[in-house]
Amino acid sequence: MTRDLGKTQSDWAVYLPALSGFYTKQLQKYVDKPEEHRCPPGFEHGLEGLDFMRPEDSYFFYPWGLYSAGHAELDLTKCDDREGMVHQRDTNRTMILGDSGGFQIATGVLKMDWSNALDPNDPAREAVCAKILRWLEHTADWAMTLDIPAFAATGHFAKKTGLTRFEDTLDISEHNLKYFLTHRKIGATKFLNVLSGSDERESKLWYDRVKVYSDPKHVEPIYGEGKTLEGYAFAGINMRNMYCALSRLLDLIDDGLVEGKDWIHFLGTGKLNWACHLTSIQRQLRKHHNPNITVSFDAASPFVNVAYGQTY
C-alpha cells in the first residue's frame with residue numbers, strides 16, 4: 001500500500017522537492033521500455049514506482065514538487081511523452097510549481113541573447129519569454145514570472161551578460177513581467193511575483209518597482225481583468241536573510257497585498273530551521289490576514305545526494 005506523505009502535512013509550510021530533469025526523463029525511459037532496464041529485486045512496483053507523484057503503486061506518494069524550465073523539455077510537442085511524471089500526473093491530487101529558469105538564464109544553462117535585452121521591445125528576449133510562458137502554462141499549477149537575478153550583473157556573470165548594474169537586471173525583469181501580463185492565458189496557471197535583490201537596499205528597490213503588478217487597481221486598467229499576479233516568490237537575499245524576508249512581508253501587509261494572494265514561495269531554501277520559521281510565518285498569516293495562504297520552500301537535495309553517491 002502506497003504511503004501518502006501529504007496527509008502528514010497538517011499546517012506546516014510545504015517542502016517542494018526540486019525535481020531533477022535527469023530523474024524525470026530516465027524514469028520515462030523505463031516506463032516506455034521496461035524490458036531494456038534492470039530493476040533490483042524487492043522493488044514490487046518496478047522502477048515505475050519511483051514516480052512519487054502517483055497516488056497508487058508507488059513506494060510513497062508526495063503530492064508537491066517544483067520543476068524548472070532550466071532543466072525541462074520546453075518543446076510542448078515532446079514534453080508530455082518525455083516527462084510523464086510531471087505532465088501525465090493527476091492534477092486534481094498533485095501540485096507542481098513551475099520555476100521560470102531565471103537562475104539558469106543568468107548562469108548560461110538556458111541561452112539568452114543579451115545584446116538588446118534592455119530594449120523593452122527586443123524580439124530575442126520576447127522569444128525566450130514566450131517559450132517559457134507557454135511551458136509554464138502547460139505544466140504548472142503555480143508558476144513564477146521570469147526574473148533575471150541581480151548576480152547576473154556581478155563578477156564573471158557580468159562578463160557573459162554584459163550587464164553592469166543591478167538596475168539592469170531589474171529593468172529586464174520588469175520587461176519580462178510586462179510581457180507575461182500582456183500575453184498570459186487567464187486560468188492556465190497562477191503566477192507568483194518574484195521579489196529579488198542581493199542586499200537590503202536592492203530588495204526594497206525591487207519590491208517598490210514590481211509591487212504594482214500584484215495590485216488589480218494598477219493591472220486591470222492596463223492589461224485586463226484577471227491578469228493580476230496571484231502570489232509571491234521570495235528570491236535572492238529575501239530567501240536567506242530573515243530581516244529582509246520579514247521586511248518584505250510587512251511591506252506586503254502594509255500595502256494591502258496579502259489578502260487574496262494564496263501562495264508565497266521561498267526559492268532554494270531547504271534548511272531545517274527555515275522550515276520552522278516559515279511554518280510560523282504561515283500560521284500567523286493564516287490567522288491574521290489570509291486563511292487560504294500557503295508558504296512553501298524548495299531544495300534539490302534528494303537528487304543532488306544521489307548524484308554525489310550519498311543516497312541510493
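1. Let me start with the second largest pocket of this predicted model, which has a volume of about 620 Å³. It is lined by 28 residues, and Asp-99, Phe-103, Met-239, Leu-267 and Gly-268 are the closest to its centre.

2. Which elements give two or more residues to that lining? They are strand 2, helix 4 (102–107) and strand 8 (294–299). Helix 4 provides the largest share, three residues. Sorted by class, the lining of the second largest pocket comprises 14 nonpolar, 10 polar and four charged residues.

3. Strand 2 deserves a look of its own. Five of the five residues in strand 2 (residues 64–68) are buried, so the rest of the structure largely encloses this strand. Trp-64, Leu-66 and Ser-68 point one way, while Gly-65 and Tyr-67 point the other way.

4. Within strand 3, Ile-96 is the bridge partner of Gly-65.

5. Now for the largest pocket, with a volume of about 1000 Å³. Among its 29 lining residues, Tyr-23, Leu-50, Phe-303, Val-306 and Tyr-312 are the closest to the centre. Strand 1 (14–17), helix 1 (21–32) and helix 12 (301–307) each contribute at least two residues to this lining. By class, the lining of the largest pocket holds 22 nonpolar, five polar and two charged residues.

Methods:
Residues are numbered from 1 along each chain as its sequence is written. This is a predicted model: local features need pLDDT of at least 70, side-chain atom pairs count only at pLDDT 80 or more; totals for chains, interfaces and linings use all residues. Side-chain values use heavy atoms; hydrogens and water are left out. Buried means under 20% relative accessible area, exposed over 50%, partly exposed in between (1.4 Å probe, protein chains only). Helices (H or I, at least four residues) and strands (E, at least two) are DSSP runs, numbered from the N terminus. Two strands pair if DSSP finds at least two bridges between them. On a 1 Å grid over the protein atoms alone, a cavity is a set of points where a 1.4 Å probe fits but cannot get out, and a pocket is an open set with protein on both sides within 12 Å along at least five of seven lines; lining residues have an atom within 4 Å of a point. Grid points are joined across faces, edges and corners, and a volume is the space filled by probe spheres set on the points. Ala, Val, Leu, Ile, Met, Phe, Trp, Tyr, Cys and Pro count as nonpolar, Asp, Glu, Lys and Arg as charged, and the others, Gly among them, as polar.
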